[in-house]
2 protein chains.
Amino acid sequence: MAKYVYDFSEGGMDQKDLLGGKGANLAEMTGLGMPVPPGFIISTDACRAFLAEGKEPAGLADEVGEHLARLEKERGKTLGDPDDPLLVSVRSGAKFSMPGMMETVLNVGLNDESVKGLAKVAGGDERFAYDSYRRLLQMFGSTVLGIESSEFAEVLDALKTQRGTKADLDLTADDLRGLVESYKDVIREHAGGDFPQDPREQLDMAVLAVFDSWNTDRARLYRRQEQIPDDLGTAVNICTMVYGNGGDDSGTGVAFTRDPATGAQGVYGDYLVNAQGEDVVAGIRNTVPLADLEQIDKAAYDELIDIMDRLEKHYKDLCDIEFTVEHGKLWMLQTRVGKRTAEAAFRIAHSFAEEGLIDLDEAVNRVTGAQLAQLMFPRFDDKAERHLIGEGMNASPGAAVGKAVFDSPTAVEWAAKGEDVILVRRTTTPDDLSGMVAATGILTSRGGKTSHAAVVARGMGRTCVCGADELEIDFEARKFTAADGTVIGEGDLISIDGTTGEIFEGAVEVMDSVVVRYFEGDETAAGDELVRAVTALMEHADGERRLAVRANADTPEDAARARRFGAQGIGLCRTEHMFLGDRRELVEHLILAETPEQQHEALDALLPLQREDFVGILEAMDGLPVTIRLIDPPLHEFLPDYTELAVRVAHEEEHGTDEPRTHKLLDAVKRLHEENPMLGLRGVRLGIVIPGLFKMQARAILEATAARIHEGGDPQPEIMIPLVAASQEFELMKAEVISVAGEVQKETNAKLAFKIGTMIELPRAVMVADKIAESAEFFSFGTNDLTQMTWGFSRDDVEASFFSTYLDKGIFPVSPFESLDVDGVGALVAMAVSKGRKVRPDLHLGVCGEHGGDPDSIHFFDSVGLDYVSCSPYRVPVARLEAGRSAGTGSDSR
Amino acid sequence: MAKYVYDFSEGGMDQKDLLGGKGANLAEMTGLGMPVPPGFIISTDACRAFLAEGKEPAGLADEVGEHLARLEKERGKTLGDPDDPLLVSVRSGAKFSMPGMMETVLNVGLNDESVKGLAKVAGGDERFAYDSYRRLLQMFGSTVLGIESSEFAEVLDALKTQRGTKADLDLTADDLRGLVESYKDVIREHAGGDFPQDPREQLDMAVLAVFDSWNTDRARLYRRQEQIPDDLGTAVNICTMVYGNGGDDSGTGVAFTRDPATGAQGVYGDYLVNAQGEDVVAGIRNTVPLADLEQIDKAAYDELIDIMDRLEKHYKDLCDIEFTVEHGKLWMLQTRVGKRTAEAAFRIAHSFAEEGLIDLDEAVNRVTGAQLAQLMFPRFDDKAERHLIGEGMNASPGAAVGKAVFDSPTAVEWAAKGEDVILVRRTTTPDDLSGMVAATGILTSRGGKTSHAAVVARGMGRTCVCGADELEIDFEARKFTAADGTVIGEGDLISIDGTTGEIFEGAVEVMDSVVVRYFEGDETAAGDELVRAVTALMEHADGERRLAVRANADTPEDAARARRFGAQGIGLCRTEHMFLGDRRELVEHLILAETPEQQHEALDALLPLQREDFVGILEAMDGLPVTIRLIDPPLHEFLPDYTELAVRVAHEEEHGTDEPRTHKLLDAVKRLHEENPMLGLRGVRLGIVIPGLFKMQARAILEATAARIHEGGDPQPEIMIPLVAASQEFELMKAEVISVAGEVQKETNAKLAFKIGTMIELPRAVMVADKIAESAEFFSFGTNDLTQMTWGFSRDDVEASFFSTYLDKGIFPVSPFESLDVDGVGALVAMAVSKGRKVRPDLHLGVCGEHGGDPDSIHFFDSVGLDYVSCSPYRVPVARLEAGRSAGTGSDSR
């Protein structure tokens with residue numbers, strides 16, 4: 001017979017799989033001799049058996065009976081005894097905290113008889129007894145019997161109105177006795193039966209209701225979003241009730257062993273006299289700071305402080321605690337490793353390491369790249385004036401300030417005039433894409449972190465707060481009203497914090513991240529506590545990591561910044577950006593060329609300009625490798641948009657103002673127009689079809705290299721051929737580059753050293769990676785394109801049109817453009833690594849897609865043996881940290 | 001020491017690798033005791049050594065010397081002896097015939113002295129001796145010394161003009177003696193030295209020139225196009241000269257053991273009295289039919305007929321023969337398995353099998369699907385009047401008749417008026433795409449089978465003749481002039497035969513293929529010899545093959561035709577075609593729907609129409625499986641083109657004639673517009689994002705199935721979900737279909753049986769094929785899309801823009817859309833097969849991309865274990881034949 005039930009004294013903190021998080025920690029505290037109200041845990045095994053069989057597993061009832069009997073014996077009370085009842089709480093407790101589930105039923109064991117016994121043992125306090133009973137009815141009714149909690153709230157409100165009060169405490173014992181009857185009526189009406197008077201029946205029903213709550217839609221959705229497996233099940237904690245609401249010598253509180261906002265040392269928490277835990281959460285009365293407890297009850301306070309100290313040393317981490325004082329006696333109701341802000345995470349990990357509680361490996365493991373990234377965003381100045389008018393979900397980080405606009409056309413129009421705008425919508429749809437592009441921030445009143453607005457905003461790097469459902473938006477009137485009555489009309493300034501989800505009236509002052517200021521060389525930032533913590537942990541991560549970190553940078557300025565941020569070279573320098581701006585005209589000449597001579601002239605004109613670009617970049621990255629990708633995008637990207645031009649020409653023809661040049665341009669655009677430019681004439685195909693194009697670029701790179709050598713520099717260029725699908729393509733282009741190198745070497749008399757390699761960004765390149773590796777010296781995985789081709793969708797087209805639906809339905813847990821799809825794209829990367837290295841064991845391998853800066857993906861790239869990741873300059877510190885964490889602790893980035 | 005040289009008596013027909021095709025067959029005939037002029041072969045080993053080392057391999061000269069000495073001894077003559085010279089021919093001969101290489105130098109051994117000896121032993125025939133000498137000079141000059149042959153032709157033409165004659169035979173011995181001197185001057189002038197008088201030096205130079213010719217650009221290009229490996233090398237044949245030009249008792253001829261055009265039995269060939277072989281090829285004089293030789297020289301004729309009979313029985317195939325009669329003595333100069341037309345291939349293979357020379361396995365192996373495909377194209381009526389005005393390359397098969405047009409805009413304009421046009425261009429470029437689409441046929445005067453015109457025409461299935469370089473095209477005057485002076489102006493009718501490369505003036509009558517007529521049930525075709533051969537071989541192939549063959553068909557008519565052609569079901573029924581025509585308006589309603597209700601209404605209106613479609617198809621394929629793909633293309637394909645509509649709206653706005661409906665349409669088109677529709681919202685994504693869409697289609701299929709059951713039919717629908725990338729997508733849609741099936745079953749009371757599976761057309765589906773196979777009952781490989789995603793190019797966009805360059809540069813030997821790319825796409829197919837079958841051993845596997853009808857690809861699909869291929873109805877017989885060949889003989893489709 002399986003064992004399903006465990007006393008608190010039987011388990012420990014390592015048994016979260018079996019006992020759930022809450023139960024394991026209660027057991028741990030019990031084992032440490034801390035004052036935990038006795039109780040027992042029904043294990044997750046029981047829940048899984050229940051879910052599999054669809055009924056209570058055999059033997060569970062008996063086992064519960066045995067543990068209950070032992071508890072009754074220990075406490076000298078019987079569950080629901082009419083004279084002196086044992087009362088218990090029933091709480092769900094899964095391995096991972098799941099706010100989407102049923103949480104708690106208190107006071108199980110009360111009924112029409114035992115309520116009197118409770119009053120008696122509480123010194124005749126009938127008010128307390130009936131208040132406890134009505135709480136049981138309310139919680140049991142809503143969480144076990146599934147009645148809307150508003151049904152109970154309405155009855156309570158009506159009573160309070162009748163009594164002319166707003167506070168529960170003003171209700172008398174008689175009032176509450178009446179309320180109990182009203183609640184019983186509500187239950188009878190909505191549940192089709194009476195509230196069960198049998199205490200054991202109450203207990204059993206509550207336990208099964210907890211099991212059932214594992215599979216509610218809300219719980220499933222939550223798990224899908226948090227990537228929690230569906231087959232874990234939940235444990236149930238049965239715990240003797242203790243009461244903080246039995247008088248002024250009682251109370252309840254929550255505490256943190258350090259400040260969870262900043263990580264500063266000291267005791268943080270709140271205490272509420274004469275109250276139960278739910279009252280603190282409900283915020284019905286004002287709490288006092290925890291420190292005040294010292295005055296209220298020094299003995300309890302001292303014991304608590306001692307316990308907190310022991311817990312922190314025992315858990316070696318910030319602990320989050322719930323406790324109750326019952327007539328002067330301290331009871332520990334819960335502890336767990338506490339949630340904290342990104343800043344606190346760094347400071348706490350660093351300080352624990354300095355205190356010698358943990359080593360630096362562990363400290364680095366306790367902070368994440370995602371947290372570091374948060375710390376690097378600009379944020380609202382702590383000291384600035386601000387008026388919080390609402391809060392939503394922190395869907396895409398950053399601090400954005402702008403004028404509120406209520407539709408996309410207005411956003412586009414105002415942005416075009418140079419205004420910063422915040423697009424405010426109930427929800428966004430693909431139609432809003434242009435508005436989202438134009439806005440600096442997006443605010444919605446509906447939808448969660450996988451809503452259209454959230455997904456698209458993250459994809460575009462726009463600040464976004466979503467699901468701020470307290471805002472009442474009136475689109476007709478072009479305004480919204482906050483919960484506090486503040487009205488924001490179109491054109492009024494607002495500020496949104498995508499990192500916290502806060503919404504402010506007016507323009508809150510934005511300040512740069514102190515961490516970024518430090519990296520950028522601001523001496524005044526060096527003494528900051530946070531900076532000290534970050535640099536200490538980064539230094540350790542740098543020492544541990546196997547992966548090098550490079551940056552994607554196209555200009556000398558970006559290259560220099562990347563270097564300040566710790567980049568060990570450039571992994572992707574995109575040359576097409578050098579074809580824009582005032583050089584666009586030269587590119588137009590190249591495209592419109594009608595003879596090889598004209599084509600040649602256009603290329604010749606571009607050569608010196610490209611060369612200067614490369615000299616600057618090689619100089620900024622002197623001594624470090626610079627991977628330069630030859631031109632990749634289709635040529636028509638350098639020409640006007642087809643449809644716009646067609647409309648313009650049609651218009652000009654109407655008015656007889658059309659010019660031959662425009663017609664010629666339209667012809668070229670039409671000729672180069674592709675139904676699917678992503679799948680068209682681009683990358684190495686351009687190099688093969690347009691003679692001289694890649695040669696010109698190779699010459700510019702190699703002439704720049706020679707110039708740098710003559711200037712005494714140490715240029716380390718790596719020439720990268722994009723979009724290779726077949727080894728023959730690479731070999732043809734390599735031969736051209738080698739021949740140009742010979743010419744430049746002769747002309748400049750410089751000893752040129754460079755590498756030549758390719759991007760792996762097409763599935764076919766993966767399949768023939770062994771062939772390609774015969775002549776390529778390095779591979780750089782272009783995981784953006786590889787993701788597009790592997791899934792068969794283009795980011796620009798589909799992120800807006802169906803990703804939010806896909807995330808909602810759990811088809812993928814996170815956009816494969818945010819975090820590498822390990823099963824599909826990752827499997828291809830691993831295959832190319834293995835094929836390539838088989839042929840060329842010293843093949844240099846890196847990644848230059850945006851995944852190079854994504855924490856999860858970095859751990860994957862480390863695990864398959866890449867040599868480096870490359871990401872945007874601002875992501876370099878994140879990548880350094882995650883590469884260190886990956887080296888130290890394996891493959892989990894959370 | 002390696003052995004490099006072999007006497008004819010040492011080798012045999014199985015040694016083509018070592019001795020080349022020509023040498024191995026000469027050796028075989030020698031071994032059979034047939035009259036072959038004695039000689040020896042320098043092996044391909046020697047050529048490979050020469051190419052590797054860059055110089056004549058050690059020992060070769062000595063070995064040639066030994067064999068030469070033996071030959072001289074046997075013939076009792078010395079090479080170049082001034083009194084009675086031994087003369088030899090030097091011919092290249094690779095394993096595969098390669099017209100791109102240097103072929104022949106005759107009369108090696110003649111010089112200023114030995115020419116007199118030759119005259120002497122020829123009974124004082126100085127004319128013959130000097131004619132032979134000038135031929136040596138001409139061939140040696142052009143093929144060994146690399147002088148343009150026109151240099152020699154000009155001198156000869158000048159001489160003939162001077163003598164007032166057009167025939168070589170009218171030139172006297174003195175004329176030819178003078179010509180020898182002129183030719184020697186040409187050589188001195190262009191080769192920078194005198195013609196070598198040393199006979200052995202002539203021989204050695206000729207041998208090395210043959211080796212060198214292996215690597216000319218022309219030869220390399222030819223090999224690339226024919227997929228002949230570059231490392232084979234060529235052999236060189238040194239053969240005693242015999243002369244057919246020594247008088248009227250001499251002559252030369254070519255012969256076939258059966259009619260290579262039709263395969264009919266009997267002796268076919270041409271004979272030319274008093275001539276050397278090159279004269280026959282040059283067509284300088286008219287030949288007589290081979291049968292006439294019986295009158296001219298009965299002994300030689302009888303011996304030849306006897307030898308031909310022995311050869312055919314020995315080679316068990318049609319033989320192609322070259323021979324010479326020298327003063328009444330028959331000499332065999334060459335034999336090989338003869339080339340033949342598609343018709344002859346079938347009739348010969350069938351007849352050899354009937355004669356018991358080969359078995360049916362071998363007979364089926366001797367015909368190809370490509371030949372069968374040729375036989376199924378309409379062709380010009382043999383009996384129709386025709387005037388041949390030129391010939392080019394048979395670039396894309398078919399028979400096309402239309403008015404000549406000389407540019408693409410005209411082609412488009414005339415085609416729009418309902419005219420059939422043939423687009424005539426020097427070459428085509430991507431700019432001509434619209435014209436090529438509009439034309440029924442394409443004719444170019446430049447470029448080969450990998451030219452832009454050829455590649456694009458094959459891709460589109462347009463008839464194309466290219467590289468017809470005798471046509472003089474005058475674009476200014478919009479006309480072309482044929483070699484015979486015929487002038488074709490714009491609008492004049494021409495006919496082009498893409499199967500033969502012929503170009504005719506006027507409209508030649510086109511007739512349907514007798515094979516197709518037979519399949520279509522025309523009784524009168526059953527007796528045709530070709531039909532008898534085809535059906536006999538097809539029957540054998542059907543008995544042998546493991547692969548089933550289905551058809552892609554979207555209408556009852558196509559389904560019925562496919563069945564007549566032998567299809568064993570439908571592998572791909574595209575439902576989107578059912579959304580076109582007069583139903584487009586309903587689809588517009590669906591797309592423009594603004595509420596779920598409107599969307600629902602639109603779907604409800606489509607349901608009965610779709611159901612009727614399915615009833616018809618299931619009826620046509622009663623008892624056989626019908627795989628129906630739910631809607632795949634992006635919805636905007638059902639709306640007007642974005643750019644055209646934008647221009648129209650702009651125009652209407654100018655004139656104030658714009659309507660709200662057009663604006664609404666433009667809005668919808670703009671909203672649905674995708675930069676890369678191929679990578680957008682399509683396939684299963686539509687099913688997930690538009691609630692009810694796939695459900696409506698599933699309901700239509702299942703209601704049709706129920707209706708067929710109630711009519712007593714045996715419907716076997718298979719529902720296919722397109723564009724699946726993740727198992728979750730499939731599972732969501734499968735659940736919808738299963739739930740609809742439950743409803744329909746209840747409503748109709750019919751016992752519904754159906755399969756549900758998916759297309760594998762995205763690389764990601766391959767990587768997770770095992771996951772998908774857990775719930776999918778079948779996979780159908782969509783190799784068109786899989787090729788597009790794997791290579792990262794879209795057929796529509798790139799075939800025109802760079803495929804011809806890619807084929808020319810040998811990046812791929814054939815478009816991966818024509819024949820499956822085995823290394824890339826094929827490897828993915830094999831991976832999905834293995835992953836899928838591991839999870840579900842009875843997983844049903846097929847292919848429904850266009851590769852399903854391509855011979856090479858069919859052999860590959862057979863080799864990886866698919867269950868069926870599906871192709872267009874007209875390709876079904878081709879697929880049946882190739883599936884049979886693959887089962888019988890392995891994996892080569894040629």
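**Notes on the predicted model**

1. In chain B, the loop that joins helix H22 (584-592) to helix H23 (596-620) contains B:Glu594. The model is a predicted one, and the remarks that follow should be read with that in mind.

2. Is B:Glu594 buried or exposed? Its relative accessibility is 61%, and the cut-off for exposed is over 50%, so B:Glu594 counts as exposed.

3. B:Lys160 gives a contrasting case. This lysine belongs to helix H6 of chain B, which covers residues 149-163. B:Lys160 has a relative accessible area of 11%; buried means under 20%, and therefore B:Lys160 is classed as buried.

4. Which residues does B:Lys160 touch, leaving aside those up to four places away in sequence? They are B:Thr165, B:Lys166, B:Ala167, B:Asp168 and B:Leu171.

5. The interface comes next. Contacts between the two chains involve 54 residues of chain B and 54 residues of chain A. About 4,600 Å² is buried between chain B and chain A, with carbon and sulfur atoms giving 63% of that area.

6. How many salt bridges are counted between chain B and chain A? The count is two. A salt bridge joins the side chains of A:Asp821 and B:Arg764, with an N to O distance of 2.6 Å.

7. On chain A as a whole, the secondary structure comprises 35 helices and 33 strands. Along the principal axes, the C-alpha atoms of chain A occupy a box of roughly 105 × 65 × 55 Å. Chain A has 894 residues, of which 56% count as buried.

8. For contacts in chain A with a separation of 6 or more, 68% are between residues 24 or more positions apart.

9. The side chains of chain A include 91 positive and 153 negative ones. The centres of these two sets are 3 Å apart.

Notes:
Residues are numbered from 1 along each chain as its sequence is written. Chains are lettered from A and ligands numbered from 1 in the order in which they are written. This is a predicted model: local features need pLDDT of at least 70, side-chain atom pairs count only at pLDDT 80 or more; totals for chains, interfaces and linings use all residues. Side-chain values use heavy atoms; hydrogens and water are left out. Helices (H or I, at least four residues) and strands (E, at least two) are DSSP runs, numbered from the N terminus. Buried means under 20% relative accessible area, exposed over 50%, partly exposed in between (1.4 Å probe, protein chains only). Contact means heavy atoms within 4.5 Å. Lys and Arg count as positive and Asp and Glu as negative; His and the chain ends are not counted. The place of a charge is taken as NZ of Lys, CZ of Arg, CG of Asp or CD of Glu. Buried area is the accessible area (1.4 Å probe) that two parts lose on being put together, summed over both. A salt bridge is a side-chain nitrogen of Lys or Arg within 4 Å of a carboxyl oxygen of Asp or Glu.
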